[in-house]
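Subject: Structure for you to look through

Dear colleague,

Please find below the structure that I promised to pass on, with my notes following it.

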Amino acid sequence: MDMLLSNPTFVLIQVLNSISLGMNLFIIAAGLSLIFGVLRVINFAHGAFYMFGAYIMFTVAQEAELGFVTGVVAAAAGLAAIAVVVERGLFRWLYDKEHLMQLLLTFAIVLLMGDLAKIIWGTDQLSVSYPDALRGATDLGVTFYPTYRLMLAVIGPLIFLGLWLLIERTRWGRLTRAATQDMEMLSALGINVPMIYIVIFVIGSALAGVGGALAAPINSPTPGMDATIIVECFVIVIIGGLGSLWGSFVGALIYGFVFNFGSVIVPNWQDVFAFLLLMAVLLVRPWGLYGKPEREGH
Amino acid sequence: MGLHMPRGTLIVCLLIVGALALLPLLESRYLIDLATEIMVYALFALSLNVIIGFSGNVSFGHAAYFAIGGYVNAILLTTYGWPLWLSFPAAVVLSALAAAFVAYFCTRLTDIYFAMLTLAFSMLVWAIAFKWRSVTGGDDGFVGVAVPAFIDSRVPFFYFTLVIVTGSIALLWTICHSAFGQALVAVRENLTRAGFIGVNTRMMRGLAFVVAGTFAGVAGAIFAMYNRGVYTESAFWTESAQVLIMTLLGGMYSFFGPAIGAAVLYILERFANEYTEYWPTVAGLILLVIVLVLPEGLVGLARRIGARLVRRSGA
């Protein structure tokens with residue numbers, strides 16, 4: 001606590017920690033929020049997807065020694081493939097059913113993937129080493145800061161920009177936004193709406209995979225990491241507003257700051273701070289900072 | 001409906017309670033343990049159904065209140081040496097208060113948001129149990145619960161559980177079939193219209209949540225003494241999933257369905273654990289079957305088969 005007041009370098013490091021944590025979480029939460037925005041489904045298995053991303057990173061980069069970038073690409077591709085199977089095999093039967101059934105379906109996937117991960121990778125904590133180019137620390141003039149975390153702080157905004165351009169500035173993005181407004185009308189105009197659903201689900205899931213792969217060197221892959229991350233994502237998207245890209249970006253940053261500074265001020269109880277913030281947001285803006293009120297109807 | 005149980009249902013209930021009361025005559029430790037555990041889970045699942053079947057929301061965090069009931073009862077009995085007649089009600093009241101606190105926030109939203117929030121809050125309870133080591137024992141669990149002498153052996157504890165669970169279920173039945181329960185069903189069927197005819201829908205959904213949390217607390221307080229310990233896993237979201245699956249497997253549109261689901265799932269788990277360590281896979285597959293082909297659970301299935309038989313014999 002005293003360090004915060006007396007040591008500007010310490011504060012700077014905490015700020016950078018907050019941003020890099022927030023940006024790592026943003027990548028994952030953005031996927032969850034994107035899928036919800038179009039498919040109107042909250043994928044409880046998003047955390048399991050993240051966990052698989054981390055494990056794939058371990059297998060590809062650590063065990064097979066194929067390199068870090070290959071690991072990230074493999075995680076994205078692997079989750080994209082899983083997403084296609086889940087969407088075509090299970091989700092599509094439930095789009096016209098009530099939300100309860102959709103939530104339960106994704107929960108069933110959580111249970112199945114949790115065991116599958118245990119079968120493939122065991123229950124030990126696995127470690128993934130930092131890539132050579134990003135090992136060590138970078139000289140920021142006033143202090144040294146771990147290069148890997150710096151990379152995370154840069155990559156998050158890049159992904160944000162990419163997603164923003166895709167959704168706001170391309171024809172395909174316009175169709176996607178139209179799908180969130182009126183799917184039937186879009187379908188009547190001859191647009192292949194199921195295709196949009198698959199692509200969005202694949203992109204969202206791949207983001208979970210990339211997030212997991214990037215987190216792997218920091219958070220060693222271990223069973224149960226799916227539960228932790230999904231709760232963090234829920235807190236972020238509820239604070240930011242479900243279905244909003246800006247919401248997940250700002251929500252993730254806020255979460256990063258609250259979590260990091262919370263752990264400096266009252267060590268060990270940082271999770272509770274995030275919840276206090278969540279409650280405050282719920283009291284003032286139940287739909288989140290950037291969210292829109294729920295639509296009527298059942 | 002109304003406040004009188006149909007005669008057939010009443011007779012079946014009395015028969016089940018009577019049979020359970022005679023169970024210790026068989027002198028099977030295995031059966032007594034199994035019955036005690038099933039009774040606790042039946043109450044737990046029935047309590048969850050007040051939220052799902054009656055108010056139409058889904059809680060993915062119901063284990064939190066079971067855990068709170070368990071921890072509070074265990075801590076008051078053991079650390080503070082309270083007598084059972086004080087610690088047990090205190091545990092139930094605290095579960096109810098925790099549920100009321102969470103309901104205040106969750107009922108601001110509906111549907112998917114509600115489900116996410118209940119899950120998030122239950123993981124907060126889990127995190128607190130995990131981190132507050134000096135009080136809860138952290139991840140080692142709270143062990144060595146001081147169970148009062150009069151129920152400190154198998155058969156007396158079984159009767160204690162039978163009395164409390166039967167009383168609680170009777171109370172739950174009365175609540176669910178009162179005017180309050182009817183209003184809840186109206187909220188489930190059409191939130192907007194229930195609001196138009198003057199039902200305070202947010203208050204009703206909140207009260208349903210509190211009733212559910214209260215009885216989950218009762219179940220948890222019993223279970224802590226039965227197990228002589230409480231562990232952080234009891235608040236974890238997979239535990240919430242388990243009770244959710246019980247409720248849905250039995251059938252959420254019938255009052256007693258969840259109790260049947262609890263018995264079936266619990267016995268299945270017992271068997272499955274003898275052959276495989278991958279119970280979650282089995283549970284996940286059961287859940288898939290419920291979602292894809294059995295949305296009304298076993299009770300719904302029985303009704304469908306029954307209706308078909310009647311039609312066939314009539315034709």
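Chain B has 14 helices and two strands, where helices (H or I, at least four residues) and strands (E, at least two) are DSSP runs numbered from the N terminus. Please keep in mind that this is a predicted model, in which local features need pLDDT of at least 70 and side-chain atom pairs count only at pLDDT 80 or more, while totals for chains, interfaces and linings use all residues. Residues are numbered from 1 along each chain as its sequence is written, and chains are lettered from A and ligands numbered from 1 in the order in which they are written.

Chain B as a whole

For the 315 residues of chain B, a compact globule would have a radius of gyration near 20 Å, and the 19 Å found for chain B agrees with this; the radius is taken over C-alpha atoms, and the globule rule is 2.2 Å times the number of residues to the power 0.38. Along the principal axes, the C-alpha atoms of chain B fill a box of roughly 65 × 50 × 40 Å. Of its 315 residues, 50% count as buried, a word that applies if 20 or more other C-beta atoms lie within 10 Å of a residue's own, whereas 12 or fewer make it exposed and anything in between makes it partly exposed, with C-beta atoms placed from the backbone. Among the contacts in chain B with a separation of 6 or more, 78% are between residues 24 or more positions apart, a contact being two residues whose C-beta atoms, placed from the backbone, lie within 7 Å.

The nonpolar core

The largest nonpolar core has 213 residues, and Ala42(B) and Leu43(B) touch the most other members; such a core is a set of buried Ala, Val, Leu, Ile, Met, Phe, Trp, Tyr and Cys residues joined through C-beta atoms within 7 Å. Helix H10 (residues 201–227) of chain B gives the most to this core, namely 17 residues. Leaving aside residues up to four places away in sequence, Ala42(B) touches Val165(B), Ala259(B), Ala262(B) and Ala263(B). Ala259(B), Ala262(B) and Ala263(B) are among the buried residues of H12(B), which also include Gly257(B) and Leu265(B). Helix H12 (residues 257–275) of chain B has 19 residues and should span 27 Å at 1.5 Å a residue, which agrees with the 27 Å between its end C-alpha atoms; the expected span is 1.5 Å times one less than the number of residues.

Met203(B) lies in helix H10 of chain B and is partly exposed, with 13 other C-beta atoms within 10 Å. Glu27(B), in the loop between helix H1 (7–22) and helix H2 (29–54) of chain B, has a positive phi near 55° without being a glycine, and it counts as exposed because it has 9 C-beta neighbours inside 10 Å. Arg228(B), which is not a glycine either, has a positive phi of about 55°.

Chain A and the contact

Chain A comes to twelve helices and two strands. Its radius of gyration is 19 Å, close to the 19 Å that the globule rule gives for 298 residues, so chain A is as compact as a globular protein of that length. Of these 298 residues, 49% count as buried. Helix H2 (residues 8–39) of chain A has 32 residues that should span 46 Å at 1.5 Å a residue, and its end C-alpha atoms, 45 Å apart, agree with that. Because 24 of the 32 residues of H2(A) are buried, this helix is largely enclosed by the rest of the structure.

With best wishes
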